[in-house]
Amino acid sequence: MTEARTALIEGLMDRFPDIPREAVVKEDLLRGGIAFDAAALSDNQDGDVKPKSYFIFSFDHGTLPELGQAALRRPPEEIVLTGGPYGLRRTVVSVRVNPASPYRVAPGAEGRLGLYLDGERIADVGLPPMPEYYRHTLASGKSVMEVAPTIQWGYLIYLTVFRVCQYFGAKQECQYCDINHNWHQHKAAGRPYTGVKPVEEVLEALEIIDRHDVAGTSTAYTLTGGAITSRVGGLDEADFYGRYAQAIEERFPGRWIGKVVAQALPKEAVRRFHDHGIRIYHPNYEVWDRRLFELYCPGKERHVGRDEWHRRILDSAEVFGPRNVIPNFVAGVEMAEPFGFTRAGEAVDSTVEGLRFFMSHGITPRFTTWCPEPTTPLGKANPHGAPLEYHVRLLEAYRATMREFGLSSPPGYGPAGPGNAVFSVSSFMDTLPAQPQEAKK
Ligand code: SF4
């Protein structure tokens, strides 16, 4: 039975020879998670391995109490795969823990860590070193990892400044999202997990990163968090998130590329993001199919509505320029039971319709691979996520649609191409052709 997973990935590698093998393995790890031997865990903030920061969602296949040792000694933020029987080029993968996964990171006989599938070693595993800036704390005693974690092998500073979402409860929350549950579980575990991060603390953490990131690896920051449908601290969504950008750009002008992930807001509010210094806007459209959007994103459907959401995305291209509007969708939820497509081809066709809609306007969507967290309605009903074949066909269709519209990899994602990519929560960057390195501004 267990060898079935090896047969699955090798079968897809054979059927889709133009998709890098790295991407097939990475998608399977992202959709299904990884088990960790104790030797591959971090020692939280005290060791030499960079720990998983839980930067927004849990991205795990179990709740903290279900993760055993991995809840006490955090897993690494990411792993990097190389070599093995498939000859993998360097592949950075975000860590999603699943103690029941057929993939396991463990030391081999000679002590070197490897990735094992169905008991066979399929890659060497490297762990991210603890960055120097994580070894320093803020005046309040908070860690840099808590206030300003970095992901994508240090490329992106991930600033979830509002750790909950005002779409709350079954009738409003997106059906695949565990942001609110993740906040609760960290609080229940007694971990520091700041609901609203003070601007001064964010600046202080960035100061530490700026001082110690002497190689200049950190290149962009993302400001994000839950949707704001009323106000937080007296501010609406554009000013709440925008004031962080304003403060960052005043203190560190042009040091990083400023990005925001927020709702699709009216053009006047989008302009305020831009005025505050944001340069890349991610108004995520989540899933293209109309019926699925209405079912999966009830809060967004009720407050904004799908058609208006899409109109606002197009409008925002007039403020940011189409290259700098990069809306995300959650790859895989199209196939979630009981409402999703049952055939991979239909799900990919629907998603391509959305890609064509945006790409024909010069806007390049991107995607993250769905992690079926068990505390979400869709995760509970689909613990294994979407079929791997869907993910592989999507990569193929995405690349072909980009080519058709003459688009290249979106800005703010680091290098593209197998062996180069650092974007860790999807393999779309591993699948696109390598491009010349981007400038910061
Ligand atoms: S808008 Fe939806 S996806 Fe975004 S944080 Fe709220 S519930 Fe989650």
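Predicted model: local features only at pLDDT ≥ 70, side-chain atom pairs only at ≥ 80, totals over all residues.

Residues are numbered from 1 along each chain as its sequence is written.

Helices (H or I, at least four residues) and strands (E, at least two) are DSSP runs, numbered from the N terminus. In helix H8, which spans residues 267-275, the buried residues are Val270, Phe273 and His274; a residue is buried if 20 or more other C-beta atoms lie within 10 Å of its own, exposed if 12 or fewer, and partly exposed in between, with C-beta atoms placed from the backbone. Viewed down the axis of H8, these buried residues fall within an arc of 95 degrees, so they line one face of the helix, the arc being that of the directions from the helix axis to the C-beta atoms. An α-helix has 3.6 residues a turn, so residues three or four places apart point the same way. The buried residues of H8 pack against helix H7 (237-251), strand E10 (257-262), strand E11 (280-283) and helix H11 (306-320), where contact means that the C-beta atoms of two residues, placed from the backbone, lie within 7 Å. After H8 comes Gly277, with a positive phi near 115 degrees.

Two packed helices are described by the angle between their axes and the distance between the axes. Axes here are lines fitted to C-alpha atoms, for helices over the stretch in contact, and angles run from 0 to 180 degrees between N-to-C directions. The axes of H7 and H8 come within 9 Å and cross at roughly 10 degrees, which makes H7 roughly parallel to H8; angles under 35 degrees count as roughly parallel, over 145 as roughly antiparallel, 65 to 115 as roughly perpendicular and the rest as oblique. In this contact Ala238, Asp239 and Gly242 of H7 meet Ala269, Arg272 and Phe273 of H8.

Helix H14 (residues 388-404) packs with helix H12 (residues 344-359) at an angle of about 30 degrees, with their axes 10 Å apart, and H12 is therefore roughly parallel to H14. Helix H2 (residues 21-32) also packs with H14, at an angle of about 130 degrees and with the axes 10 Å apart, so H2 and H14 are oblique to each other. On the H2 side the residues are Ala23, Val24, Glu27, Asp28 and Arg31, and they meet Leu388, His391, Val392 and Leu395 in H14.

Ile209 lies in helix H6 (residues 199-212), and Ile209 counts as buried because it has 25 C-beta neighbours inside 10 Å. Not counting residues up to four places away in sequence, Ile209 touches Tyr133, Val144, Ala148, Ile157 and Ser218.

Most residues other than glycine have a negative phi, and most peptide bonds are trans. Asn44, although not a glycine, has a positive phi of about 55 degrees; Asn44 is found in the loop between strand E1 (35-36) and helix H3 (69-72), and with 15 C-beta neighbours inside 10 Å it counts as partly exposed. Trp153 likewise has a positive phi of about 55 degrees without being a glycine, and is found in the loop between strand E7 (150-151) and strand E8 (156-162). The peptide bond from Glu337 to Pro338 is cis, with omega near 5 degrees, and Pro338 is placed in the loop between strand E12 (328-331) and H12.
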